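Hello,

Here is the structure for you to look over. My notes on what turned up follow below it.

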Amino acid sequence: MTFHCNTKNRPLQPETEYIFMETIYLCIVIFLFVLAIFDLMVGVSNDAVNFLNSAIGAKAASFKTVLFIAGIGVFIGASLSNGMMDIARHGIYQPEHFYFAEIMCILLAVMLTDVVLLDVFNSMGMPTSTTVSMVFELLGGTFALALIKVHHSDTLGLGDLINTDKALSVIMAIFVSVAIAFFFGMLVQWIARIVFTFNYKKKMKYSIGLFGGIAATAIIYFMLIKGLKDSSFMTSENKQWIQDNTMMLIGCFFVFFTLLMQILHWLKVNVFKVIVLLGTFALALAFAGNDLVNFIGVPLAGYSSFIDYTTNALQPVRTVSS
C-alpha cells in the first residue's frame, strides 16, 4: 500500500517550514544582540552618573583621571563577572508553559522597551535603574501575554505562567535595597560629620588613619571577598578558604589600610580623595559585574531558547509503507 498526496496548493514540507522559521528566529536573535549594543550605550550613559558624580563633585581628581579609574573598574568587573543573571531566563516567567515564539515576543518587547525607556530618561535628565526597568519590563511583557493565554485556556492560570514568588522577592529586594542604602548612607554621613566637622584638621592628625582604614576595608571587603568568591574562575577550595579565613583577611586589610592612610596623610596626600577614588573604582566594578549583565541577559536568554528550538523543533519523520 502506498500513500498519495495532492501536491496542488499543499503546505510547506516540515523541513522547508522549519528552515524558514529558523531563519526568521535567527534574525530575531541577531536583532536582540544589536539592541543590546544600543542598550549598553544608553544604559552605561545613565548609570555612569551613579559612580562618577561623587568623585567629580568632590573634585577628587581631574575628569580624565576619574574616567580612567572608572573605566578600569568597568573592565575588571565585566571580566570577573560571575555569569549572566537568570532573571531573564526563568526568574519572571515559567518557560515550560510558553511556546518558543511567545518567549521570543517577550524578549523582543523587553529589549525594545528598555532602549526607548532609558533613552527617554537620559534625554530628560532623569536617573533610573537598569535592574528595575528590566525586571518590570519582563514582568509587564509576561503579564500581558499571560492574560492572552489564560483567556484562551481552561486549565492555565496566572500563577502557572508567572513566577510570582521570584518576581515578588526581586521587587521586595529592590525596595529593601533602597531603604538600606538610605539608612547606612545617613549613618555614615552622620558619623563622618561628627568626627570631621569641628576643627577637622586637628582631629585628622589622630583619626584620619583609622577612618581611612575602616572605609577602605569596607570597600575592599565587598569588592574582593564578597565579589570574587562567587566568580566563575574561583575553585571550590579557594571559596572555602576565603569563607574560613574571612575575619583574618578583614583584620589584615584593616591594619594595612590604616597604616597606609596614616602614612599618606604624613606625606601630605589628601586621604579623603583617595577614599573617594577607591569608592569610584569599586562602584564601577560592581556596576559592570551586576547591572551590565542586565543588558545582555535578555539576548542570551533568546539565544539559549533558539539553541533549544533548533535542537528539538524538527523530529524525525517516519514513513509508513507496506
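**The aromatic pairs**

Phe 253 and Phe 257 both sit in helix α10 (residues 246-266), four residues apart, which is about one turn of the helix. Please keep in mind that this is a predicted model. The two rings form an aromatic pair of the tilted kind, at 6.3 Å centre to centre and 40° between the planes. Phe 253 is partly exposed, because its relative accessibility is 23%. Phe 257 has a relative accessible area of 12%, so this residue counts as buried. The cut-off for buried is under 20%.

Tyr 25 belongs to helix α1 (residues 14-57) and Phe 100 to helix α4. The two are 75 residues apart, so to speak of the chain, this pair links distant parts of it. Tyr 25 is buried, and Phe 100 is buried too.

**The salt bridge**

There is one salt bridge in the structure. The side chains of Lys 149 and Glu 102 make it, at 3.1 Å from N to O. Lys 149 comes from helix α5 (residues 130-151) and Glu 102 from helix α4 (residues 100-123), so the bridge ties together parts 47 residues apart in sequence. Are these two residues buried or exposed? Both Lys 149 and Glu 102 are buried.

**Cysteines**

How many disulfides does a search of the whole structure find? Two cysteines have accessibility values for you. Cys 105 counts as exposed, because its relative accessibility is 52%. Cys 252 is at 48%, so it counts as partly exposed. The line between these two classes is 50%.

**The chain as a whole**

The protein chain has 12 helices and zero strands. Read from the N terminus, its elements run α-α-α-α-α-α-α-α-α-α-α-α. The chain has 322 residues, and 34% of them count as buried. Its accessible surface comes to about 19,800 Å². Carbon and sulfur atoms hold 69% of that surface. Now the contacts with a separation of 6 or more: residues 24 or more positions apart account for 80% of them.

An unreviewed UniProt entry carries the annotation "transmembrane region". In that record it covers residues 23-44, 65-85, 97-118, 168-192, 204-225, 245-264 and 271-289. I have details on two of these spans. Residues 97-118 are 86% helix and 0% strand in the model, and their end C-alpha atoms lie 30 Å apart. Residues 168-192 are 100% helix and 0% strand, with the end C-alpha atoms 36 Å apart.

Best wishes

Technical notes
Residues numbered from 1 in each chain as written. Predicted model: local features only at pLDDT ≥ 70, side-chain atom pairs only at ≥ 80, totals over all residues. Heavy atoms only, no water. Salt bridge = Lys/Arg side-chain N within 4 Å of Asp/Glu carboxyl O. Buried < 20%, exposed > 50% of the residue type's maximum accessible area, 1.4 Å probe, protein only. Contact = heavy atoms within 4.5 Å. Areas by Shrake-Rupley, 256 points an atom, 1.4 Å probe, with all protein chains shown as cover. Phe/Tyr/Trp six-rings, centres within 6.5 Å; stacked < 30°, edge-to-face > 60°. UniProt positions renumbered as here; feature names shortened; annotations may be inferred.
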